[in-house]
Amino acid sequence: MTPEQLAVVRESYASLGPDATAMAADFYGRLFAADPSTRALFSDGPEVMAVKFTAELDAIVEAIASFDEFRLRVADLGARHAAYGVQTRHYGAVGEALVASLATHLGDRWDDQLEAAWRRAYNLVAETMMSAQQRVSRRSDAPAERGARSDRSVRPPHG
Ligand code: HEM
């Protein structure tokens with residue numbers, strides 16, 4: 001990710017202002033439509049999740065400039081996601097839902113360059129989360145999703 005891409009991700013995210021929560025609520029709607037199996041993983045409603053998600057996205061966008069801070073924060077988030085029953089196959093649908101919601105909410109400001117920058121940023125976050133999830137799964141005897149959330153986990157044939 002280039003410094004220019006980092007700058008446009010931060011600026012565009014900041015420019016959403018209070019609309020970031022609406023963008024995130026839109027994101028959950030799109031995610032559940034694209035991959036209905038993800039809905040069962042969430043216990044909080046989209047409004048509550050939208051607030052948590054944007055607060056975290058805010059912190060990640062800030063932390064991304066400092067590699068160590070970014071890696072620790074996002075690896076931690078990934079490890080928690082293992083316990084939520086999140087699978088690596090979910091990351092694609094989440095990325096697409098996020099990009100589509102950002103495009104809608106950034107309106108005229110959205111262009112190819114901004115899309116490329118956001119995709120790079122999301123892939124960086126997703127890859128860091130997924131490798132932390134894999135470390136957690138390898139450490140435990142049982143599959144990660146057999147934790148507190150086994151009642152809500154959706155089990156794919158693999159992944
Ligand atoms: C950019 C990537 C992501 C970010 C920033 C993010 C952020 C968050 C945050 C802040 C929470 C609140 C709990 C916590 O902090 O541990 C959370 C929970 C959760 N996330 Fe994510 N997430 C991401 C990717 C994903 C993906 C790919 C999935 C797959 C469907 C997912 C599913 C969930 C679920 C199921 C919960 C638990 C909700 C509940 O307890 O009701 N997240 N996420």
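Colleague: Which residues of helix 6 are called buried, and what makes them so?
Modeller: A117, W118, A121, V125, M129, A132 and Q133 are buried in helix 6. The term requires 20 or more other C-beta atoms, placed from the backbone, within 10 Å of the residue's own. This is a predicted model, in which local features need pLDDT of at least 70 and side-chain atom pairs count only at pLDDT 80 or more, while totals for chains, interfaces and linings use all residues. Residues are numbered from 1 along each chain as its sequence is written. Over the chain, 23% of the 159 residues count as buried.

Colleague: Which helices do the buried residues of helix 6 pack against?
Modeller: Helix 1 (3-16), helix 3, helix 4 and helix 5. A contact here puts two C-beta atoms within 7 Å.

Colleague: How do you know that the length of helix 6 agrees with its residue count?
Modeller: Helix 6 covers residues 112-139, 28 residues. The expected span is 1.5 Å times one less than the number of residues. That gives 40 Å, and the end C-alpha atoms are 40 Å apart, so the two agree.

Colleague: What makes up the secondary structure of the chain?
Modeller: There are 6 helices and 0 strands; helices are DSSP runs of H or I of at least four residues, strands runs of E of at least two.

Colleague: Which helix gives the most to the shell around the ligand?
Modeller: Helix 3, with 5 residues. Of the 18 residues around the ligand (C-beta atom within 6 Å), L41, S43, E56, H90 and V94 come nearest.

Key:
A residue is buried if 20 or more other C-beta atoms lie within 10 Å of its own, exposed if 12 or fewer, and partly exposed in between; C-beta atoms are placed from the backbone.
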